[in-house]
Amino acid sequence: MNERRPGTVETLLRGLYLLLPFGWDARLRIKRALFRALGPLLAGSDAHRRWREDEARRAAEAALAQSEAAIAGLTSRPLQRRARRPGAPAGADDAPAPSGYGRRHGLSIVLVVHDAHPHGAQYLALNLLAELVQGLGLSVRVVLLGPGPLEAAFRELAPVDRLDAGDAEAVQRLAASLHAAGHRAALANSLVSGRIVRALAEAGLRVVTLAHEMPGLVLAQGLEQALQDVVAHSARVVVPAPEVAEGLRRFADPAAVDARCVMRPQGLYVVSPNYGGRGRGMAARRLRERLSLAADTRIVLAVGYADARKGVDLFAEVIERLAARDPRVHGVWVGHQDAAQRAAAMARLERAGLAGHLHFAGLDFDTDDFYAGADAYALTSREDPFPSVLLEALSVGTPAVAFAGTGGGAGLLARIGSATVPGFDTAAFADAIAALLQDPALHAHQAARGIAVVEQEFCFRRYAMDLLDLAGVAIPRVSVVVPNYNYAGYLRARLASIAGQDLPVYEIIVLDDASTDGSAESLRDLRAGITPVPRLHLASVNGRSVFRQWANGVAMAHGDYVWIAEADDLSTPAFLETLVTPMQQDASIVMAYCQSRPIDSEGRVLAPDYADWTRDLSPTRWTARYVATGGEEARAGLGLRNTIPNVSAVVFRREVLAKVLGEHLGEIVALTTAGDWVTYLQVLQHGRILFDPTPCNLHRRHRDSVVAGQDAQAHAREVEAARALARRLHGLDAPATNQELIKGF
């Protein structure tokens, strides 16, 4: 066999290298520095090619060793990386204490997890557990059906039972003991956990199963029977995408699947400081420095376990095609690797003379710069139900490409107009990535679409509370609508008072009405540190009516209750629980409000309450809690005067408020300052009102408020319009004197 003879350049460099009067480690460092410095001159030489191949192989081997060490040393770090505390700014060490709401109300649930290995479904289960325990305050019992390095993190959050699903007697004993301990509901994470669903259901627990597996994995792991048990014995089967439900129909009665299945995408449980696209430039610089790449390098990212199912071979082929066209393109894979798959991928690039263009970074929990610093995300999976890594990429403004028909991630990209290409056509995939890299306008458009869809549809708090609702564990779902116009200085405190409620909120929707004081920038900076992450609606043109903001926010809301929390006001932590708990217990109550305490622009208390506002109507009515019909409330004072000084003190049933705003918005908007009063009167056509005398609402009074700036005649006209409505709805008498028109609100 003929051996390759070294070229002149290689012979010279090798000779100099051997003459260096240093140890081998020092020589290696000098060699690396020399090749990096002389790269442009040596490019194309055998010596430089061999060096690049050696460096790429060494880096990949180091990444694999790093991954193995990280897995061996896993404790709770992934949890800390992947969960934000409610109300805590990103990176804050002084996060608020976990919620106690669930335990105060005796709420509990069982969480079944198939094992504790560091993969997608298990990370979802771990972060779901964190949300249930810390965010919502439930008492949770975890059942692990297999071992894994994440077990310590599960145990840190809740009691854990290890169970062999193949031991039928042990399964039945545990199911009976869970029921005896008072548990009546269970969440089973994955079809693998379905091996004990039947026993749990027969023991009297309502089981909701989260199905993540697609047909290939069902067959590979022999889950056909577990799948059929899940469909037969689960109260609901939650799938993240239609593609997963379609896969279930291949193994179980389609009619039964359709009757049980509900779709709930799992939500984003990693909130990056770069959420919304903030700081991408700095992240890009840090990532290239971290990887020792040139500043103009174009990085294509993939994250996950590098194996055939995730398509690491396809990723390598795509990177080969891209780098052959543009030497600035480099592929980066973050995650543990199948050693054989990694070696094959590296060999492919070596054969093409592009070994330095594929980087295996290993398992790394510090992924913020990877996602935000990459130029594009490559979802090369052959089969993937709904990868959280895709949501992480989209949430920071990194556009993605996927193979069509491979799962929920590809379906999401197709729905929002991002690139999906025919199955496993790597040439088409490379073309789609190249288009993103070469067209800044296309990149910006896809980035904006990705951010918007994550913000609108993938709230993790909403996902967790929806699962509890399906399981029959009742936590009221309150949507908070925050109208804002030029209150930038108050936003941080306002959002903190919302996120810090004793009753955890379901979602936060902030509507900025084209503020001119930097409110939009403040909101973008604040939102990544708030749980749940606020959804922003930033108008480019002022709508000239706060009541239109109300209507827009309520239309966007998904909860059962709505709190219109004006951006300049504040609330005590007990506000929601004080009002929503009795509403939950009495379906006839359509709105509830509490006493308010006025504060000035600096937050100084102006009075203990608004008792003086209603004292002439009744010295006792507003001193104790009461429930009244709309007619009773109108006759007691609401028909004469707006006895509710501030909408921030009110919680509504969403369906009723949406109906009123939909049917009467024109009438409401026509009244500059009495629109809230008219809204209350219309809402009370549909049910009763509750009042609580505790001053849980802090109403900020401004000298330049709309009411203060309205002339007396306009004020009187609006008061009379509201009173006329009250007379029409409730048959009240007209006011005795015109003087009464002055004191309407």
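Me: Where do I start, and what share of the contacts in the protein with a separation of 6 or more comes from residues 24 or more positions apart?

Reply: Contact means heavy atoms within 4.5 Å. Here, residues 24 or more positions apart account for 76% of the contacts with a separation of 6 or more. Keep in mind that this is a predicted model, where local features need pLDDT of at least 70 and side-chain atom pairs count only at pLDDT 80 or more, while totals for chains, interfaces and linings use all residues. Residues are numbered from 1 along each chain as its sequence is written, and side-chain values use heavy atoms, with hydrogens and water left out.

Me: How many helices and strands does the protein have?

Reply: Helices (H or I, at least four residues) and strands (E, at least two) are DSSP runs, numbered from the N terminus. This protein has 32 helices and 22 strands.

Me: How do I read burial, and what percentage of the 745 residues is buried?

Reply: Buried means under 20% relative accessible area, exposed means over 50%, and partly exposed is in between, using a 1.4 Å probe and protein chains only. Of the 745 residues, 57% are buried. Take Leu-187, found in strand 4 (residues 185–189): its relative accessibility is 1%, so it counts as buried. Leaving aside neighbours within four places in sequence, the contacts of Leu-187 include Ile-109, Leu-128, Val-208 and Leu-467.

Me: How do I check the length of a helix, say helix 22?

Reply: The expected span is 1.5 Å times one less than the number of residues. Helix 22 has 18 residues (440–457) and should span 26 Å; its end C-alpha atoms are 26 Å apart, so the two agree.

Me: What do the buried residues of helix 22 pack against?

Reply: An α-helix has 3.6 residues a turn, so residues three or four places apart point the same way. In helix 22, the buried residues include His-443, Gln-446, Ala-447 and Gly-450. The buried residues pack against several elements, including helix 15 (280–290), helix 21 (426–438) and strand 16 (535–538).

Me: Now a strand: how many residues of strand 10 are buried?

Reply: Five of the five residues of strand 10 (358–362) are buried, so it is largely enclosed by the rest of the structure. Leu-358, Phe-360 and Gly-362 cover one side, with His-359 and Ala-361 on the other.

Me: Which strand pairs with strand 10, and in what sense?

Reply: Two strands pair if DSSP finds at least two bridges between them. Strand 9 (residues 329–334) and strand 10 pair in the parallel sense over four bridges, and Phe-360 is the bridge partner of Trp-333.
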